[in-house]
Amino acid sequence: MSKNFLPNQYENDEKFSVQHNYLGQQFSDKDLILEKIREVVTRGDFTLGREVDRFEEAFAKLVGAKHAIGVGSGTDAIFLSLRALDLQPGDEVITTSFTFYATIGAIVTAGGTPVFCDIEDDFNISVSGIKKLITDKTKAIVPVHWSGRPCEMKEMIEISEEFGIPIIEDACHSILAEYHGRRTGTFGITGCFSFHPLKNLNVWGDGGIITTNSDEMNSKIRLLRNHGLTDRDHCEVFAYNSRLDTIQAVVANHLLDKIEAITNARITHASYLDSGLGDVRGIYIPKRDAGVKEVFHIYSFLAENRDALWDFLRDNGIDAKIHYPIPMHLQPAARYLNYKKGDFPITERVANQTISLPVHEFVQLQDLDLMISKVKEFYGHERN
């Protein structure tokens, strides 16, 4: 790979009338943010400055956690959580194969061996499958709240307590998501959130945060993210550089006041799509659980003849995407783990049929109607 592939992707996505990328609209009030950044430049507290402290306190309160630690990315949030557990080579971490690459990359770079588990029809890890995978080498469970739908946490916590294995929540998609009234990021020993530009709460680059109710984990992670320093002159442990930039914290603080409205808009749009697409023969929309609050990082469903539908929607100006066509256990990077096609049938079926539509807060009613009408047009009929 000789050059960055993302600029071409950004340029290609601009041609769609209904886009996943909405950043120009979200930051139309950028002058307000730039004025606050000007204050940071004047003060010069670019590294772990006042805005980071303010954001950490506000985010912990928002989620309902005792502590929140700003870090460089959602990937680093998972990585540092695992490092704080003192993961050793050969230690196993149970997780899902239906996730973004970062979940697995964080496990591997932290020194662990990912042990994959199949998913259920809600696209989340099969909790009943976790117990069968536990060995004396298992050191953590990393569930992924896929696209902002919380995993089945009651049974997972019971397994965690029975075997003494900590849970690290990959909550990168799920800010403000709730499982029976409790917000994600508060069930595990840590919760890991991402502020990548296309997350529900986003910044002008990479950023992440770790939530925890553990004083011990809070202390360890604060050391690990900042070179192991207890102050300018004393290093407790040789560690990493993964600090949420003060400038990014300015952007995050600016959006924090809007996150409830952002979330409610996404839920409303997803509900509208559910109603409009619910009778279409040829697609499967995951069942919505009354006890679960989904926040819809994206709107995903399963589609027969998925690739043709994908082409058709994109030909009609709709930026449909596939998240993700190749599950993690079948990626080239995972060859050394010796998994094969057929090992996780639900995961592989979902990867072959999943398709995603934009559902962000700037999608308009006419955009939703266009997406519904084009899906119906493709299949040519509705359920009787």
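Which residues of E14 are buried on one side, and which on the other? In this predicted model, both faces of the strand are covered, with Tyr299, Phe301 and Ala303 buried on one side and Ser300 and Leu302 buried on the other. Five of the five residues of E14 are thus buried, so the strand is largely enclosed by the rest of the structure.

The setting of this strand is an open sheet of three strands, arranged in the order E12-E14-E15 and paired in the antiparallel sense. Strand E12 (283-284) and strand E15 (354-357) stand at the edges and have a single partner strand each, so one side of each is left without a neighbour in the sheet. Strand E14, which spans residues 299-303, is joined to E12 by two bridges, in which Tyr284 is partnered by Leu302 and Ile283 by Ala303. Towards E15, the antiparallel pairing of E14 extends over four bridges, and here Ser300 stands opposite Ser356. Helix H11, formed by residues 259-277, lies across E12, E14 and E15, and its direction makes an angle of about 20° with E14.

The nonpolar interior was examined next. In soluble globular proteins, nonpolar side chains tend to be buried together. The largest nonpolar core of the model comprises 30 residues, of which Phe55, Phe59, Ile175 and Leu201 touch the most other members. Helix H3 (30-43), helix H4 (50-63), helix H10 (246-256) and H11 each supply at least two residues of this core. Apart from this core lies another, of 24 residues, which includes Ala270, Leu273, Leu309 and Leu368. When residues up to four places away in sequence are not counted, Ile175 touches Phe59, Leu62, Phe193, Asn200, Leu201, Ile259 and Val295.

Glu56 lies in helix H4 and, at 6% relative accessibility, counts as buried. Most residues other than glycine have a negative phi, and most peptide bonds are trans. Against this background, Leu48 has a positive phi of about 50° although it is not a glycine; Leu48 is placed in the loop between H3 and H4 and, with a relative accessibility of 25%, counts as partly exposed. Asn338, likewise not a glycine, has a positive phi of about 65°, and this residue lies in the loop between H12 and H13, where its relative accessibility of 66% places Asn338 among the exposed residues. A cis peptide bond, with omega at about -5°, joins His323 and Tyr324, and Tyr324 is located in the loop between helix H12 (306-315) and helix H13 (345-353).

Gly317 is found in the loop between H12 and H13 and counts as buried, at 14% relative accessibility. With neighbours within four places in sequence left aside, Gly317 is in contact with Phe16, Ser17 and Val18. The C-alpha atom of Gly317 is separated by 17 Å from that of Leu273, a residue 44 positions apart from Gly317 along the chain.

A disulfide is a covalent bond between the sulfur atoms of two cysteines. A search of the whole structure finds zero disulfides. For Cys117, the closest cysteine sulfur is that of Cys151, and the two sulfur atoms are 10 Å apart, too far for a bond, given that a disulfide requires the sulfur atoms to be within 2.5 Å. Cys117 is buried, with a relative accessible area of 3%, whereas Cys235 counts as partly exposed, at 39% relative accessibility.

Note on methods: Residues numbered from 1 in each chain as written. Predicted model: local features only at pLDDT ≥ 70, side-chain atom pairs only at ≥ 80, totals over all residues. Heavy atoms only, no water. Buried < 20%, exposed > 50% of the residue type's maximum accessible area, 1.4 Å probe, protein only. Pairing = 2+ DSSP bridges. Contact = heavy atoms within 4.5 Å. Axes fitted to C-alpha atoms, helices over the stretch in contact; angles between N-to-C directions. Core = buried A, V, L, I, M, F, W, Y, C linked by side-chain atoms within 4.5 Å.
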